[in-house]
Amino acid sequence: MNWFYDHMRVLPRHRPVIICSVLENRLEFPKFEAMRLTCDRLGARVWNKLSPRSLYPLEVRRLRALKPKAFPSHLGYVAIHDARNPYSLDIPWLVSFYGADVYLHARDPKWVEAYQPVYARADRVLSL
């Protein structure tokens, strides 16, 4: 997401860290620190099945070491899967909707239902 890189690399007072499940194209985005969550390990997979509302404890420890002040989720459909991250870290959760995740999904009852936990938990929601 080149547009996202351009926005994040000019934050003067903050150190952005990208958290993802798949880490690709690192040479294209050299200014960021990136962290891949270990969702594919057996322990994490078992934890995710047994405790879907909280993040795997090893990941909580890794993320807390960064001392985050907030957890932004970009795109509503991504936020659906991010909900347990800020919940586990007890930090504010900021969710941004940008396009189809608003104007297409907002009319689909399946998506309206899927977004309900996001709206209930998010500290701030921005729709662009």
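Tutor: Let us begin with burial: a residue is buried at under 20% relative accessible area, exposed at over 50%, and partly exposed in between, using a 1.4 Å probe and protein chains only. In this chain, buried residues account for 32% of the 128 residues. Please note that the model is predicted: local features need pLDDT of at least 70, side-chain atom pairs count only at pLDDT 80 or more, and totals for chains, interfaces and linings use all residues. Residues are numbered from 1 along each chain as its sequence is written, and side-chain values use heavy atoms, with hydrogens and water left out.

Student: How many helices and strands are there in the chain?

Tutor: Helices (H or I, at least four residues) and strands (E, at least two) are DSSP runs, numbered from the N terminus. The chain holds seven helices and five strands. Their order from the N terminus is α-β-β-α-α-β-α-α-β-α-α-β. The chain has a radius of gyration of 15 Å, close to the 14 Å that the globule rule gives for 128 residues, so it is as compact as a globular protein of that length. That radius is taken over C-alpha atoms, and the rule is 2.2 Å times the number of residues to the power 0.38. The C-alpha trace spans about 40 × 35 × 25 Å along its principal axes.

Student: Which residues are buried in α3?

Tutor: They are Glu59, Val60 and Leu63. Viewed down the axis of α3, the buried residues fall within an arc of 105°, so they line one face of the helix; the arc is that of the directions from the helix axis to the C-beta atoms. Contact means heavy atoms within 4.5 Å. The cover over the buried residues of α3 includes β1 (17-20), β2 (33-36) and α5 (84-89).

Student: With which residues is Glu59 in contact, leaving aside its neighbours within four places in sequence?

Tutor: Glu59 is in contact with Leu37 and Thr38. Glu59 belongs to helix α3, residues 57-64, and counts as buried because its relative accessibility is 3%.

Student: How many salt bridges does a search of the whole structure find?

Tutor: Side chains of opposite charge can pair when their charged atoms come close. A salt bridge is a side-chain nitrogen of Lys or Arg within 4 Å of a carboxyl oxygen of Asp or Glu. The search of the whole structure finds two. In one of them, Arg62 is joined to Glu59, with the closest N and O atoms 2.8 Å apart. Both residues lie in helix α3, three residues apart, about one turn of the helix. Arg62 is partly exposed, its relative accessible area being 30%, whereas Glu59 is buried. A salt bridge also links the side chains of Asp123 and Arg121 (3.5 Å, N to O). Asp123 is partly exposed at 37% relative accessibility, and Arg121 is partly exposed at 23%.

Student: Which residues make a nonpolar surface patch?

Tutor: Patches are made of residues with over 30% relative accessible area and no salt bridge; like charges are joined within 9 Å, and nonpolar side chains (Val, Leu, Ile, Met, Phe, Trp, Tyr) within 5 Å. Here Leu42, Val46 and Leu50 make a patch of about 330 Å². Accessible areas come from the Shrake-Rupley method with a 1.4 Å probe; for residues, only the protein chains shown count as cover. Leu50 is found in helix α2, residues 42-50, and counts as exposed because its relative accessibility is 70%.
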